[in-house]
Amino acid sequence: MNSSREPFRPQRMRLTQLPNGAAGRVCSLEGEAEICQRLREMGVGESVIIERVSGQATLLCQISNTRIALNEGAAQHIVVELVRSARP
């Protein structure tokens, strides 16, 4: 085994880049502190699994059994790692 190989790192992206139907684990909230705090109050915090259901300018997302709508500006603050590709 080659020890100089990079360890596997899940693909990270902004929530706006996550395809519709895919799910990601929230890695971090980045940007304006007020928006990040509001996202946490809505249940979007680090380690949460979030699924992007649909949308472009307004994203419909699901966390557990709750659906929330996020505008593109708020979704840009959310960094996720892909945990499940889009469903066919």
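Guide: Let's begin with a term we will need: a residue is called exposed when its relative accessible area is over 50%, buried when it is under 20%, and partly exposed in between. Keep in mind that this is a predicted model. Side chains of opposite charge can pair when their charged atoms come close. Here the count comes to six salt bridges.

Take Glu81 and Arg25, whose side chains meet in a salt bridge at 3.8 Å, N to O. Glu81 belongs to strand 6 (residues 78–84) and Arg25 to strand 2 (residues 23–29), so this pair ties together parts that are 56 residues apart in sequence. Glu81 counts as buried, because its relative accessibility is 15%, under the 20% cut-off. Arg25, at 33%, is partly exposed.

Now turn to helix 1 (residues 33–41), which holds both Arg38 and Glu41. These two sit three residues apart, about one turn of the helix, and they form a salt bridge with their closest N and O atoms 3.6 Å apart. Glu41 has a relative accessibility of 53%, so it counts as exposed, while Arg38, at 46%, is partly exposed.

Another pair is Glu46 and Arg40, joined by a salt bridge whose closest N and O atoms are 2.8 Å apart. Both partners are partly exposed: Glu46 has a relative accessible area of 35%, and Arg40 has 36% relative accessibility. Finally, salt bridges that share partners link Arg12, Arg25 and Glu81 into one network.

Conventions: Residues numbered from 1 in each chain as written. Predicted model: local features only at pLDDT ≥ 70, side-chain atom pairs only at ≥ 80, totals over all residues. Heavy atoms only, no water. Salt bridge = Lys/Arg side-chain N within 4 Å of Asp/Glu carboxyl O. Helix = DSSP H or I, 4+ residues; strand = E, 2+ residues; numbered from the N terminus. Buried < 20%, exposed > 50% of the residue type's maximum accessible area, 1.4 Å probe, protein only.
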